[in-house]
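This report concerns a single protein chain and its three-dimensional model. Please read the text below alongside the sequence and the coordinates.

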Amino acid sequence: MSARLGLRAALLAATALSAAPALAQEASVDERLDRLELLVEGLIARIDAGTGAQAQQAEALAAIRTETGAIRAEQQAMRAEAQATEATTRTLAARQAEMSDKLIDFAIAPGEGFRMGKTRVTYGGYVKLDATSQRTSGGQIAGNSILRDFLFPSSIPVGGSPSGFDTDFSARQTRFLFKTETDVGTDHKLSSLIELDFNVTEGGNERVTNSFTPRIRHALINYDNWTFGQGWSTFQNVGALPDSLDFIGVTPGTVFDRQPLIRYTKGGLQIALEQPETVVTTQTGGMVTPGDDQLPDIIGRYNWSGEWGSFTAAGIVRQLHVSTDDLMGVDDAAWGYGLSLSGKLKVGEKDDLRFMATAGDGLGRYIGLNIVNDAAVRRDGTLDPIFTWSGFAAYRHLWSDRVRSNLGGSYFKADNPVRLTTNQVTDESWNAFVNLIWAPVGPLNVGLELMYAQRTLEDGRSGNLQRVQVSTQYNF
């Protein structure tokens, strides 16, 4: 009798342990647990009846083990599906968060948008309001100036009287894009992209209208492996830019250029011919764009990616050129070159580290919104390319699925030939920022950011900028 009671207790305990995690699952699992309970009750009834039929007991126990194993397998499958769904949700949330990186994902899922004949049209973008309050130690930045909307290192005032804190509200970074994909058969792929915003354009004033003229950002044709039009320079890795409220965030230390180009892409390899534009520092420290360029800028790039993150290496060769109708009546060319290494490395399950390091001769207009120029002019009118090096690093930490922070800094240094440029040009610039961003719902971000930036001239004088920024951005 005691043996039967012990067996009854063991079977009931096993049943309870098997059933406990399953009670929270779907009705089908509950029904199978009910069947399992009936099997156990039948076995116990046979034991109580004193049948002692070991074969029947073994058969019932085998049935229980089979059913329990099936239930556990189904539970594991359901847990795996739930984890996959959660991972997908986190990925989508991360993509929404990274819409504030200046990068738009051009891949559009099937079924979205609307069709016009053989062409599918899709649109997207975001609406953004920035509220900034900033002061500069070396002079006042004029009101209603784009220089007060985001960090522009070469325009940080130096040598003047400190300003007070100037507060501005702006929605100029709002942008809109649409993409088309046309069915041209299974052998080819044809698409286009047009993107507009209202940044760095003329328009209304802060007194009455705040109306700003739309401008073209991207205008691209993609045909198989070829890209034609205007877009981010192949020399720039937009995917490495930090998650900042400022338009760029680490301006002094990053390659940043958007221009007309022809690009070929094969796997991770990209080769491009891009718009040439020589920018020269005159012997009085001024800036001149001769406009007599002859050869396109040539850029090669390779992208690696994996579960660890992504890494990009890009190189550029460019001809700097002036002709007899420019500057000092001399026809001269000089070669510029550069290398940029950048990437985004995953840290743990959610965090990441973003970085870039760039160095080269004659890269001026590609770095930090043209902090210095490509070349200086020698006494005989020939060109002397200016060497620069720069870089940034930014760490992003997710406090939760809805709250994240970013900490970043950047640095720029120029080797100006002072005897040709004067000592009133920028020698170095750096900045640092930290922010806290809250996403109350997936496509909406609300954030607070603190930034400090500094610019130093070749004569040793410097000026700094301190900024507090609050932004609200809705991605659609």
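Which backbone oxygen lies 3.0 Å from a polar atom of the side chain of Gln-230? In this predicted model, the oxygen in question belongs to Arg-217.

Gln-230 itself is placed in strand β7, which spans residues 226-232. Leaving aside residues up to four places away in sequence, Gln-230 touches Ile-216, Arg-217, His-218, Ala-219 and Leu-220, and also Arg-258, Gln-259 and Pro-260. For Leu-220, the separation from Gln-230 is ten residues in sequence, while the C-alpha atoms of the two are 5.7 Å apart in space.

A second topic is the pairing of charged side chains. The count of salt bridges comes to 21. One of them joins the side chains of Arg-120 and Glu-181, with an N to O distance of 2.4 Å. Because Arg-120 lies in strand β2 (residues 119-136) and Glu-181 in strand β4 (residues 175-182), this pair ties together parts that are 61 residues apart in sequence.

The second largest pocket holds about 770 Å³ of space. Its lining comprises 28 residues, and those nearest the centre of the pocket are Phe-152, Asp-257, Arg-365, Leu-369 and Asn-370. Strand β8 (residues 258-266) gives the most to this lining, contributing three residues. By class, the lining divides into twelve nonpolar, eleven polar and five charged residues.

Confidence remains to be considered. The chain averages a pLDDT of 86, and 78% of the residues score at least 70.

| Stretch | pLDDT | Contacts beyond near neighbours in sequence |
|---|---|---|
| Residues 1-26 | under 50 | 30 contacts |
| Residues 92-107 | below 50 | 44 contacts |

Where pLDDT is low, the predicted coordinates should not be read in detail. The contacts listed for residues 1-26 and for residues 92-107 call for that caution.

Methods:
Residues are numbered from 1 along each chain as its sequence is written. This is a predicted model: local features need pLDDT of at least 70, side-chain atom pairs count only at pLDDT 80 or more; totals for chains, interfaces and linings use all residues. Side-chain values use heavy atoms; hydrogens and water are left out. pLDDT is the predictor's confidence in each residue, from 0 to 100. Contact means heavy atoms within 4.5 Å. Helices (H or I, at least four residues) and strands (E, at least two) are DSSP runs, numbered from the N terminus. A polar contact is a pair of N or O atoms within 3.5 Å; within protein, one must be able to donate a hydrogen and the other to accept it, and residues adjacent in sequence count only if both atoms are side-chain atoms. On a 1 Å grid over the protein atoms alone, a cavity is a set of points where a 1.4 Å probe fits but cannot get out, and a pocket is an open set with protein on both sides within 12 Å along at least five of seven lines; lining residues have an atom within 4 Å of a point. Grid points are joined across faces, edges and corners, and a volume is the space filled by probe spheres set on the points. Ala, Val, Leu, Ile, Met, Phe, Trp, Tyr, Cys and Pro count as nonpolar, Asp, Glu, Lys and Arg as charged, and the others, Gly among them, as polar. A salt bridge is a side-chain nitrogen of Lys or Arg within 4 Å of a carboxyl oxygen of Asp or Glu.
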